Amino acid sequence: MELWYTEEWTDEVRFSMKVKQHLFSQKSDFQQIDIFDSVEFGKILTIDGLMMANEKDEFIYHDMIVHPAMATNPGIKRVLVIGAGDGGTVRELTRYPGIEHIDMVEIDEVVTRACQEHLPITAGKLEDPRVTLIFADGLKFAQEAKAGTYDLIIVDSTDPVSVGAGLFTTAFYSDCYRILSDQGILVNQHESPYFEGFAKEMTRAHSKIATLFPVAAVYQAHIPTYPSGHWLFGFASKGLHPVKDVQVASWHQLGLTTQYYNTDLHVGAFALPTYVKEMLAHAKN
């Protein structure tokens, strides 16, 4: 008998992959967490039946949620990561020697512990001495943090349902603005523009962020296992522009080797298709 994992992208569209083994399954206080070993994509992490990460293409997402901000300001020292329970975002951040401290606030400890056991490709750097793991509500953490504490905030959340819903609100984005430093940058996973449900959440998030931050841009990546494969990220800042201010020479001096990100792609990622630009313009207005 063959075992297949099937994800429902919309009511009419589904994405399936052949699975060798179901490695982990647990219903936490917050959500259903599963880890499968698949034929094509290696080990995959799903939450509430949605793909979060897999061994074959996780590097695309984690490269693109971290490196554009770090190339815009290689001097970032203090980072807050909200969500990111699989550890991949922290892994990429720890590659920067100039970063002094990373707070990773994840609401569900079960996710992180499962990934440490079954998905070390993403969770292998969570024990870096600069990393503080905090298993708590990211909303409350941001509310209580002191103003100007962080140079970079990365919101690596699930979709805006269940435990991730609060991370797409104006109140949360306002707290992020307050606790960022003068040149602070906010990066968030920004959903997809392709399917209607995802596009609606994308435009709603952008409209809220654009009212708060002087710089509010959106960039893209091709992630094959995310709905439609066309995925967006938000870049917001109190002052730095991701294209005008990118520090290409400084970033190359770090000598980092990446699988997806490069500084040519950095600029190109902000060149959006017309239909996406129109959706974002409509959201701002």
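Modeller: Of the protein's 285 residues, 56% count as buried. This is a predicted model, in which local features need pLDDT of at least 70, side-chain atom pairs count only at pLDDT 80 or more, and totals for chains use all residues. Residues are numbered from 1 along each chain, and side-chain values use heavy atoms, without hydrogens and water.

Biologist: What makes a residue count as buried?

Modeller: Buried means under 20% relative accessible area, with a 1.4 Å probe and protein chains only. By that cut-off, 56% of the residues are buried.

Biologist: How many helices and strands does the secondary structure come to?

Modeller: There are ten helices and twelve strands, taken as DSSP runs (H or I, at least four residues, for helices; E, at least two, for strands) and numbered from the N terminus.

Biologist: What makes residues of helix 6 and helix 7 a contact?

Modeller: Contact means heavy atoms within 4.5 Å. Helix 6 (residues 170–179) and helix 7 (residues 196–212) pack at about 40°, with axes 10 Å apart; the axes are lines fitted to C-alpha atoms over the stretch in contact, and angles run from 0 to 180 degrees between N-to-C directions. Among the residues making the contact are Tyr173 of helix 6 and Ile209 of helix 7.

Terms used: Buried < 20%, exposed > 50% of the residue type's maximum accessible area, 1.4 Å probe, protein only.
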